[in-house]
Amino acid sequence: MQNNTSNFRLLFTGSLLLCAAVACFSICLGAVTFSPCEVILALFQKGEPMNLNILKYARLPRTTACLMGGAALSVSGAVLQNVLANKLASPGIIGVNAGAGLGVTICCAFGVMYGWPVSVSAFLGSLATVIIISIFSGRTGASKTTVILGGVALNSMLNAFSESITVLNPDVAVLTTEFRVGGFSAVSMQKLLPASAFIFTALILLFTLFNELDVLTLGDESAQSVGLPAKRYRVLFLILAALLAGSAVSFSGLLGFIGLIVPHFVRKITGNESRRLLPLCAVTGAAFLTLCDLIARLLFMPYELPVGILMAVIGGPAFVWLLLKMKGGHRNG
Amino acid sequence: MVEIRNLSAGYGKEEILHEIHFTAKNGRITTIIGKNGCGKSTLLKTISGILPASGGEILINGKQITGLTPTNRAKLAAYLSQGKNTPDITAGRMILHGRFPYLSYPRKYKKYDYEAAEAAMAKMGISALSDKPVAELSGGTRQKVYIAMALAQCSPVILMDEPTSYLDIGQQMKFGRIVKELAGNGKTVVLVLHDLLFALKLSDCICVMENGKITMQDSPERILNSGIIKTLYGIEVKALDTPEGKQYYYEM
């Protein structure tokens, strides 16, 4: 057990360093390339004023958004998978992101484009979706695949509502294609601040509830037999997962697949225990999304590809592979 | 000690248990038998606090369980349920979660929790499987992991619903010895068993349930002599005196 702990610490430190390196590249590379020295000089207001502006209004908010969005969506995916006991569950697939997107669209329809109301309505949209999915899976006793299919249907419905509002209300035209596929070119600190408060709160709470999340996966009766009020905690975890996904969507748009791919590969490396899974998901998710955004930015320079497109290209085949693999299953799985 | 007075409980508006009176004493194995659907599992769930009682009272070691917090209730009574999930965690970690009721700030298991979990694993003979994922274990071994988790809870009362399911005959006998040892250490053991011969051989006291009521509670010998088993199941169970004690068999 001691050996496992040392291995995990090594793995976690390595991931943190990798994440820091990717974040540095994300800050330095782009249409204008900075050396690390130029970045430091600009931050201390000793270089070109233009450099400071680029860093302050473009690179830093964008990198921060990628790091936070990646961490939030990956952890949200891992939590949803554990609570719904379904490895295919992720905020992008079961409609949680679409619910948040609908919340943001409604907010924009009322003329509010950023700030607390956008983050709150994104959270409420995603919360409503997880509650519907959880009632659907709990009450109907539907199979894991049926829950996913139900989520996919809900996803389409919510996207259709958002599209209708966009078409009927010209004020919502600000929600460009980038919001619908997910991307960070229009991110700003104004959009980030309220969402980051939600994300940090949810992550801190989740990181104190590792054992509760694991005990919940034992099933309601076994969880209750060791003193965990299962229903209450299930609702709490769904709220926290919705808070993470909703907050991320409020500034990143409808980014799909990251909440599926990252937890899945982290589970392969570190196992399913939440005390290891969630922190590693947060770090690798942050690094992965930042790296994807960097690639999407640099791939067709001077044009920028919204990172959501790249995520879909990677995530689509990964989802199909996971679906086929799950069909094999394990003992009584 | 478990004392139940005038208990009624059920699911939603449907009442399954009616006016149950029941006592399970310290240091004794009490087994509940009865036909499928008579309310055995519902009774265990209600005693463990998983299912709320709609009337009457349940006392564990003299304490009313209704006013207790879930963790305090879990410290008093461990419950092994009949239907179980297969979590994607290692056997060792799962057994450690038997110590969940004792978790306090900063929500980390302490040395004595690990020691209790290791002792439970050793008792069930599964120490070598600590790092194995539960999902990769056979049904019988998984059952042993669940039993070890209940043992790790170190509660004075142990409630087990069909604990011998999935266990082969050798493992059933070993389980019988473990349960006798637990009772010998002063614990109150309440079991639900379908294997009548095993129940008669193992138990100090048998409760017969019919249609949500306990119709008889007595020693195995008196239960056997009363003819209630024949009335209930339509089969005859006979006892044979041997140097190793009473042996029971079905008369065909």
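Predicted model: local features only at pLDDT ≥ 70, side-chain atom pairs only at ≥ 80, totals over all residues.

Trainee: What is the strand order of the open sheet in chain B?
Mentor: Its six strands follow the order E6-E7-E8-E3-E9-E10, and the pairing is mixed. At the edges stand strand E6 (77-80) and strand E10 (213-218) of chain B; each has a single partner strand, so one side of each lacks a neighbour in the sheet. From one strand to the next, the twist averages 15°.

Trainee: Which helices pack on that sheet?
Mentor: Helix H1 (residues 40-48) of chain B is one of them, touching E3, E6, E7, E8 and E9 of chain B. The direction of H1 makes about 150° with that of E7(B). Helix H5 (residues 139-152) of chain B also packs on the sheet, touching E6 and E7 of chain B, and its direction makes about 170° with that of E6(B).

Trainee: Where does B:Ile4 find its partners?
Mentor: B:Ile4 stands opposite B:Phe22 in E2(B), and its bridge partner in E4(B) is B:Ile58. Strand E1 (residues 2-11) of chain B pairs antiparallel with strand E2 (residues 14-24) of chain B over seven bridges, and antiparallel with strand E4 (residues 53-60) of chain B over six bridges. E1(B) and E2(B) form a hairpin with two residues between them, and B:Gly12 in the turn has a positive phi of about 60°.

Trainee: At what angle do H2 and H3 of chain A pack?
Mentor: For helix pairs, look at the axis angle and then at the contacting residues. Helix H2 (residues 36-43) and helix H3 (residues 49-83) of chain A pack at about 90°, their axes 9 Å apart, and are therefore roughly perpendicular. A:Glu38, A:Val39, A:Ala42 and A:Leu43 of H2(A) meet A:Asn51, A:Leu52 and A:Leu55 of H3(A). By class, that contact has five nonpolar, one polar and one charged residues.

Trainee: And how do the axes of H3(A) and H12 cross?
Mentor: The axes of H3(A) and helix H12 (residues 258-270) of chain A cross at roughly 70° and come within 8 Å. Among the contacting residues are A:Gly70 and A:Leu73 of H3(A), with A:Ile258 and A:Pro263 of H12(A). By class, this contact has six nonpolar, six polar and no charged residues.

How values were computed: Residues numbered from 1 in each chain as written. Chains lettered and ligands numbered in written order. Axes fitted to C-alpha atoms, helices over the stretch in contact; angles between N-to-C directions. Helix = DSSP H or I, 4+ residues; strand = E, 2+ residues; numbered from the N terminus. Parallel < 35°, antiparallel > 145°, perpendicular 65-115°, else oblique. Contact = placed C-beta atoms within 7 Å. Nonpolar A, V, L, I, M, F, W, Y, C, P; charged D, E, K, R; others polar. Pairing = 2+ DSSP bridges.
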